[in-house]
Amino acid sequence: MIYYDKVSKIYPDDSVALDNVSFGIEPKEFVTIVGHSGAGKTTLMKMLIAEDFPTQGSVFFESTNVHRLSKKDTTNLRRRIGTVFQDYRLIPNKTIYENIAFAMEATGRSDHEIAADVPHVLELVNLSHKIWNFPKELSGGERQRVAIARAIVTQPDIIVADEPTGNLDPTNTFEIIRILQKINELGTTVLLTTHNKGVVDTVKGRVITMEKGKIIRDDKDGKYVL
Amino acid sequence: MFITSLKRIVRTGFVNFWRNGFLSFAAVVVITLSLCAFGGLIFGSAFGRALLTNVKDKVDVNVYFTLTAQESDILAVVQDIKKLPEVASTTYMSSDQVLANFKTKWQDNAYMMQGLDEIGSNPFPAMLTIKAKDPGQYAGIAHFLQTKNPQDASGIPLIEKVNYEQNKLVIDRLGRIIPAAEKAGSIIALILILVAVIVVWNTIRLIIFTERDEISVMKLVGASNTYIRGPLVVSGIMYGLVSAVITLIVMAVFSYWSTALIFRFAGIQIAADFSTVVNIFSQYFAQNFGQIFIIIIGAGIILGGVSSYIAARKYLKV
């Protein structure tokens, strides 16, 4: 479904973020990418949603090279990928309802669908009671759950979660991972990055280990080895 | 689909305008100040024009004819003068009319009337008041009269005196000051407009700068550029509209009180001398309200909307 073909990213100051990285992701897989800070995990994610461009190599989503897409097609590609960030990135002057509705509005769903789906997805992340609150009135864990709700509400083919638990305590971390697993069980591919050993041990899926921009391990039933 | 998007864009724009509270307030203040500068320019130019017309109107050249000149000869000269392209209007008074005017004016003054009686005959020459279309043209008219030097059949000059030389200094100065004032006025107007546009543009850029993270999130969630930019432009137009309405109210209040203000600052005597100028603001505002309304509202909408549209571009490149 996704294939990274010999991708390298060298920043103008000659620092190497990715060094000839190749790997593929099958549909419905739960892939965890682990590595220290600066190993290139985030750069890898940015490549997929065309937020960043590779110096060499290409990234394929199904059979399309994501960096050869027009502006409009890039927008359409992003609608098929749900993204979750470490710092949540909710829109501060929108309520929880509006934050999630925005993703649906952007894809052109009808008001009727939005009114039906948003409460449903909030129920899934157990936040129905905060629907009219603003992000600043929520805790970190709650915000991240809203971000996940936003990512899944458009029913994307893949969820990309970049260090979603980086700012959270163990209880919230566990809860976020459990939600991601549930989403995966319902048939959505999940690509997760983390440097948290506990997370990797909980997930028990395929683990790709990165170091200094290179893939050093790719285990089908992986554990945290660094 | 299009209608739904438009509806959502407009609604989001309104909601953001309201929720951004302080930022919206700041933008409205800045745009209002800029629009007030526009309004000031409109009033200023109206005032300047009224003042100049008033002053121009006070300048004229008088031609005094000789006492011996025959009325028919004089009228022939008047006809010639009227034909000059530089002449805007002429007022002719025969010596009888001048005498009648004198008598009405001094009828209560026994000395004056007595003096007039002692002279016996009418001492006043016929007089022609000439107004030129432009103060710079008086020299030409005066020159025409001097070189032509009309005479009657027996060769005696018809014109006793042209008072151009006495008024020359004032006329010359006005001829120089008026075009200079008009030029300076338009340069100041241009600079003010430029400053207003730059200030508004920068304020809106700052507001959109504070929203750059949200813009990039929206992009990554899969929103199209139009869908992100739309609400920003709507908010921008809202800033402009609200500011324009405030500006119009300020202008209305100012023009309502302006007559009293002019009397207070200029003093009653000066104000009375320039009577047409006194009511200029209230009259001008009432008469040209449609035009002023369109200029101010239009400037507000364009300033707010276009600035937002351009300012958002930079952050839409994600």
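**View 1. An open sheet of 6 strands in chain A.** The strands stand in the order β6-β7-β8-β3-β9-β10, and their pairing is mixed. Because β6 (81-84) and β10 (214-219) of chain A stand at the edges with a single partner strand each, one side of each has no neighbour in the sheet. From one strand to the next, the twist averages 15°. This is a predicted model, in which local features need pLDDT of at least 70 and side-chain atom pairs count only at pLDDT 80 or more, while totals for chains, interfaces and linings use all residues. Residues are numbered from 1 along each chain as its sequence is written, and chains are lettered from A and ligands numbered from 1 in the order in which they are written. Helices (H or I, at least four residues) and strands (E, at least two) are DSSP runs, numbered from the N terminus; two strands pair if DSSP finds at least two bridges between them.

**View 2. Parallel pairs within the sheet of chain A.** Strand β3 (residues 30-34) of chain A runs parallel to strand β8 (residues 189-194) of chain A, and 5 bridges join them. Val34(A) has Thr194(A) in β8(A) as its bridge partner. β6(A) and β7(A) also run parallel, joined by 4 bridges, and Ile81(A) stands opposite Ile158(A) in β7(A). Along β6(A), Ile81(A) and Thr83(A) point one way, Gly82(A) and Val84(A) point the other way, and all are buried. A residue counts as buried if 20 or more other C-beta atoms lie within 10 Å of its own, as exposed if 12 or fewer do, and as partly exposed in between, with C-beta atoms placed from the backbone.

**View 3. Helices α1 and α5 of chain A against the sheet.** Helix α1 (residues 41-48) of chain A lies across β3, β6, β7 (158-162), β8 and β9 (206-211) of chain A, and runs at about 150° to β7(A). Helix α5 (residues 140-153) of chain A packs on the sheet and touches β6 and β7 of chain A; its direction makes about 170° with that of β6(A). Such angles run from 0 to 180 degrees between N-to-C directions, and axes are lines fitted to C-alpha atoms, for helices over the stretch in contact.

**View 4. Strand β4 of chain A and its two partners.** Strand β1 (residues 2-10) and strand β4 (residues 56-61) of chain A run antiparallel and are joined by 5 bridges. Phe61(A) in β4(A) is the bridge partner of Ile2(A). β4(A) also pairs in the antiparallel sense with strand β5 (residues 64-65) of chain A, over 2 bridges. Here Phe61(A) stands opposite Thr64(A). β4(A) and β5(A) form a hairpin with 2 residues between them, and Glu62(A) in the turn has a positive phi of about 55°.

**View 5. Two residues of chain A with positive phi.** Most residues other than glycine have a negative phi, and most peptide bonds are trans. Asn20(A) has a positive phi near 55°. Asn20(A) lies in strand β2 (residues 16-25) of chain A and is partly exposed, with 14 other C-beta atoms within 10 Å. Glu163(A) has a positive phi near 50°. Glu163(A) is found in the loop between β7 and α6 (170-185) of chain A, and is buried, with 22 other C-beta atoms within 10 Å.

**View 6. Helices α7 and α13 of chain B.** Helix α7 (residues 164-210) and helix α13 (residues 289-313) of chain B pack at an angle of about 50°, their axes 9 Å apart. The two are therefore oblique to each other (under 35 degrees counts as roughly parallel, over 145 as roughly antiparallel, 65 to 115 as roughly perpendicular and the rest as oblique). Among the residues that meet are Trp201(B) and Ile204(B) in α7(B), and Leu303(B) and Ala311(B) in α13(B). The residues of this contact divide into 8 nonpolar, 3 polar and 1 charged. Ala, Val, Leu, Ile, Met, Phe, Trp, Tyr, Cys and Pro count as nonpolar, Asp, Glu, Lys and Arg as charged, and the others, Gly among them, as polar.

**View 7. Asp73(B) and its surroundings.** Asp73(B) is in helix α3 (residues 71-82) of chain B. Asp73(B) is partly exposed, with 18 other C-beta atoms within 10 Å. Leaving aside neighbours within four places in sequence, Asp73(B) is in contact with Asp152(B) and Leu158(B); contact requires C-beta atoms, placed from the backbone, to lie within 7 Å. The C-alpha atoms of Asp73(B) and Ala153(B) are separated by 9.0 Å, although the two are 80 residues apart along the chain.

Note on methods:
Contact = placed C-beta atoms within 7 Å.
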